Amino acid sequence: MTELRHRGAKDTDPTLQQQPSEDKGSDGELKVEKDGVSDSESKVDSGVPEVPVPADDTPEVLNKALSGLSSRWKNWWVRGILTLAMISFFFFIIYLGPMVLMMIVLCVQIKCFQEIITIGYSVYHSYHLPWFRTLSWYFLLCVNYFFYGETVTDYFFTLVQREEPLRILSKYHRFISFALYLTGFCMFVLSLVKKHYRLQFYMFGWTHVTLLIVVTQSHLIIHNLFEGMIWFIVPISCVICNDIMAYMFGFFFGRTPLIKLSPKKTWEGFIGGFFATIVFGIMLSYVMAGCRYFVCPVEFNNDSNSFQVDCEPPELFQLQDYALPGILESVTGWTTVRLYPFQIHSIALSSFASIVGPFGGFFASGFKRAFKIKDFANTIPGHGGIMDRFDCQYLMATFVNVYIASFIRGPNPSKVIQQLLALRVDQQLHIFNSLKAHLTEKGLLPALEEATA
């Protein structure tokens, strides 16, 4: 306790240090006991904690090769080389298929969670908060069990119904998830220690906000992936393109600061990145919309016990003729143009990635400024941590999921059939008779019977 008082006194207001010694005595003890707030907590409230700055981990080969360049151009080359390496890796995992993509999303999620939680631990590690890191990872496990259990039930329904243990886990999935979370909640309450209450509740909130940002968004990314890999690849690629082109335009032409949170961001980079991303999104959509591998929903094949990507492309991914406005017709001389309907939707995706998406980066910049750190980690030389590269992706994932639900996705017959098969036989017969009566009333059932006769 004496050590904590001694540390806390260094960061307190100088005016408080000039008070008589009597005030530091009985009044200080009374302040400690009141509401369970200790001097150590006063330290946290009175100043901004600092996080240790990660050391430069640029590979020695690059350091030697770029030693003759200025720091500005050295950073430019390091970022460029590592960006090309990451893009190449991105293409490789796309080639490996949707299951590998889903595993990569899970790994990225865990790494992002670890980086944010580590910042919290680095700030408050001197207080030895009991069970903080253990409970943080436990809550991550609980939330992932809940979300991935829902996904397995949706997309592996036939496999779940076939295996008795999985069927039981699926039936009581939400209760099990709640019981797991409740166990963690009780563990947190039992770990509360007098004089550290405020810090412990602060870190409890820190963990839950991190789970909300990281785990929920990664779950939405996986749902977008199962709608068709094009809904996964195009939005992510648009964010990557906007990040690269905004950096390029800002590096070479940037003069006007854009926002105080990110002093290096410029209006020239923001505007140049916007138009470049729109063009990139339209072109990439045209290339991918003609390939079934990218446009078909990812479905589980019960016969082969594997995922398959094969279907008759829906109307959204079939070329159609569109009449050009008079102004464009006079300029180009064309009356119509053949496009995939998805290309029109890609303009909305590209616009969001260029206009609203960067605010995810600004949010991350504000977070890093609050804790006086440059990057979330030093995982990728020249780029920082994984979270530094995915701060905009999470915001984009939510938009894509909402966009699909609002403008694209209709009722899914296969999921309706899955739900019907899970009912009792008498319930299935009731639904069958109701549907038969409805079709007969509409005059559709006789026509269907004649067609099948």
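Contact here means heavy atoms within 4.5 Å. All the views below come from a predicted model.

**View 1. Q318 and the residues around it.** Q318 sits in the loop that runs between β4 (306–308) and β5 (320–323). Setting aside neighbours within four places in sequence, Q318 is in contact with P313, L339, Y340 and P341. With P313 there is a polar pair to look for: the backbone oxygen of P313 lies 2.8 Å from a polar atom of the Q318 side chain. P341 is 23 residues away along the chain, and its C-alpha atom is separated from that of Q318 by 7.3 Å. At a relative accessible area of 36%, Q318 is partly exposed.

**View 2. Helix α17 and its cover.** Helix α17 spans residues 341–355 and reaches 22 Å from its first C-alpha to its last, close to the 21 Å expected. Its buried residues include P341, F342, H345, L349 and F352. Among the elements covering the buried residues of α17 are α13 (229–253), α14 (267–289), β5 and β6 (336–339).

**View 3. The salt bridge between E312 and R292.** The closest N and O atoms of E312 and R292 are 3.4 Å apart. This pair links distant parts of the chain, with E312 in the loop between β4 and β5 and R292 in helix α15 (residues 292–295). E312 is exposed, at 61% relative accessible area, while R292 is partly exposed at 38%.

**View 4. The salt bridge between K368 and D388.** Here the closest N and O atoms are 2.7 Å apart. K368 belongs to helix α18 and D388 to helix α19, 20 residues apart. Both K368 and D388 are buried.

Terms used
Residues are numbered from 1 along each chain as its sequence is written. This is a predicted model: local features need pLDDT of at least 70, side-chain atom pairs count only at pLDDT 80 or more; totals for chains, interfaces and linings use all residues. Side-chain values use heavy atoms; hydrogens and water are left out. Helices (H or I, at least four residues) and strands (E, at least two) are DSSP runs, numbered from the N terminus. Buried means under 20% relative accessible area, exposed over 50%, partly exposed in between (1.4 Å probe, protein chains only). A polar contact is a pair of N or O atoms within 3.5 Å; within protein, one must be able to donate a hydrogen and the other to accept it, and residues adjacent in sequence count only if both atoms are side-chain atoms. The expected span of a helix is 1.5 Å times one less than its number of residues. A salt bridge is a side-chain nitrogen of Lys or Arg within 4 Å of a carboxyl oxygen of Asp or Glu.
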